[in-house]
Amino acid sequence: MKPPGRRRGGGPVTAETLHDQALRYLARFSSSAANLRRVLRRKVERSAELYGTDRDAGLAEVERLVARLTASGAVDDGRFAEGRAASLFRRGASRRAIAATLAAKGVDGAQIETALAGLGELAADPELAAAVAYARRRRIGPWRAGDARAAWRGKDLAALARAGFALGIARRVIEADSAEALLAEAEGG
């Protein structure tokens, strides 16, 4: 049993441990270069605070490590943006929400635009398809019980608006006659 107050994997950060931590992180999560840099910087800051290691040397090693991983292709912001955008799209995220998520992960604007443009390959009208997926997942609009739809119309529209969908798209989803018709429209059928 480990002593109380001792953290697992603790100890001062060195170039080797930083490299190992970066590879473990990338094995578990897809990441942009900026996000990986942020994660590794936190580890260096924590090590400097707890063990008195050289903060500046650690931060310089983080920069070298991120540059090396980017050059080797282990970290690719474009690939990360496309994969994350497609994943969020399938869950029902709007283009605005996808762009905000990618920006928060440190992806630059040009790569965000490329990733959003790639959504056009997944559906004829990506924004409608995402809104349909969101409504289906949340069981709103045509997926709500028939007698409750009218009473919940305003709240359902507000939920779609908060998710980043335009009012026109939200109305098309909420006012659809049936879930089947809406699914066919979203699939381009």
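Visitor: Leaving aside its neighbours within four places in sequence, which residues is E127 in contact with?
Guide: Keep in mind that this is a predicted model. E127 contacts S94, R95, G164, F165 and I169.

Visitor: Where does E127 lie?
Guide: In helix α7.

Visitor: Which side chain of opposite charge is nearest to E127, and how far away is it?
Guide: R95, at 4.7 Å. E127 is buried but has no salt bridge. The cut-off for a salt bridge is 4 Å between a side-chain nitrogen and a carboxyl oxygen.

Visitor: F165 was on that list. What does F165 touch, skipping residues up to four places away in sequence?
Guide: G92, A93, S94, E127, A130, A131, Y134 and L160.

Visitor: Now the largest nonpolar core. Which residues touch the most other members?
Guide: I98, L102, L160, F165 and V173. The core has 34 residues.

Visitor: Which elements give two or more residues to this core?
Guide: Helices α4 (77–91), α5 (95–104), α6 (109–118), α7 (126–138), α8 (149–162), α9 (167–174) and α10 (179–186). The largest share, 7 residues, comes from α7.

Visitor: What lies apart from it?
Guide: Another core, of 16 residues. Its members include L18, Y25, V39 and V44.

Visitor: Switching to charges. How many salt bridges are there?
Guide: The count is 9. One of them pairs R37 with E63, with the closest N and O atoms 3.1 Å apart.

Visitor: Which helices do R37 and E63 lie in?
Guide: R37 is in α2 (residues 33–51), and E63 is in α3 (residues 55–72). The two are 26 residues apart in sequence, so the pair ties those parts together.

Visitor: Are R37 and E63 buried, or partly exposed?
Guide: R37 is partly exposed, at 25% relative accessible area. E63 is partly exposed too, at 30%.

Visitor: Which residues are linked in a network of salt bridges?
Guide: R37, R41 and E63.

Visitor: And what about R64 and E61, how far apart are N and O there?
Guide: 2.8 Å, in a salt bridge between their side chains. R64 and E61 are 3 residues apart in α3, about one helical turn. E61 counts as buried, at 12% relative accessibility.

Visitor: R172 and E185 next. What is the N to O distance?
Guide: 2.5 Å, again in a salt bridge. R172 lies in α9 and E185 in α10, so the bridge ties together parts that are 13 residues apart in sequence. R172 is partly exposed at 36% relative accessibility. E185 is partly exposed at 38%.

Visitor: Back to α3. Which of its residues are buried?
Guide: G58, L59, E61, V62, L65, V66 and L69. They cover an arc of only 155 degrees around the axis, which puts them on the same side of α3.

Visitor: What do the buried residues of α3 pack against?
Guide: They pack against α1 (15–28) and α2.

Visitor: Which residues are exposed on the other side of α3?
Guide: D56 and A71.

Visitor: Last one. What should the 18 residues of α3 span at 1.5 Å a residue?
Guide: They should span 26 Å. The end C-alpha atoms of α3 are 26 Å apart, which agrees.

Methods: Residues numbered from 1 in each chain as written. Predicted model: local features only at pLDDT ≥ 70, side-chain atom pairs only at ≥ 80, totals over all residues. Heavy atoms only, no water. Core = buried A, V, L, I, M, F, W, Y, C linked by side-chain atoms within 4.5 Å. Buried < 20%, exposed > 50% of the residue type's maximum accessible area, 1.4 Å probe, protein only. Helix = DSSP H or I, 4+ residues; strand = E, 2+ residues; numbered from the N terminus. Contact = heavy atoms within 4.5 Å. Lys, Arg positive; Asp, Glu negative; His and termini not counted. Expected span 1.5 Å × (residues − 1). Arc of directions from axis to C-beta.
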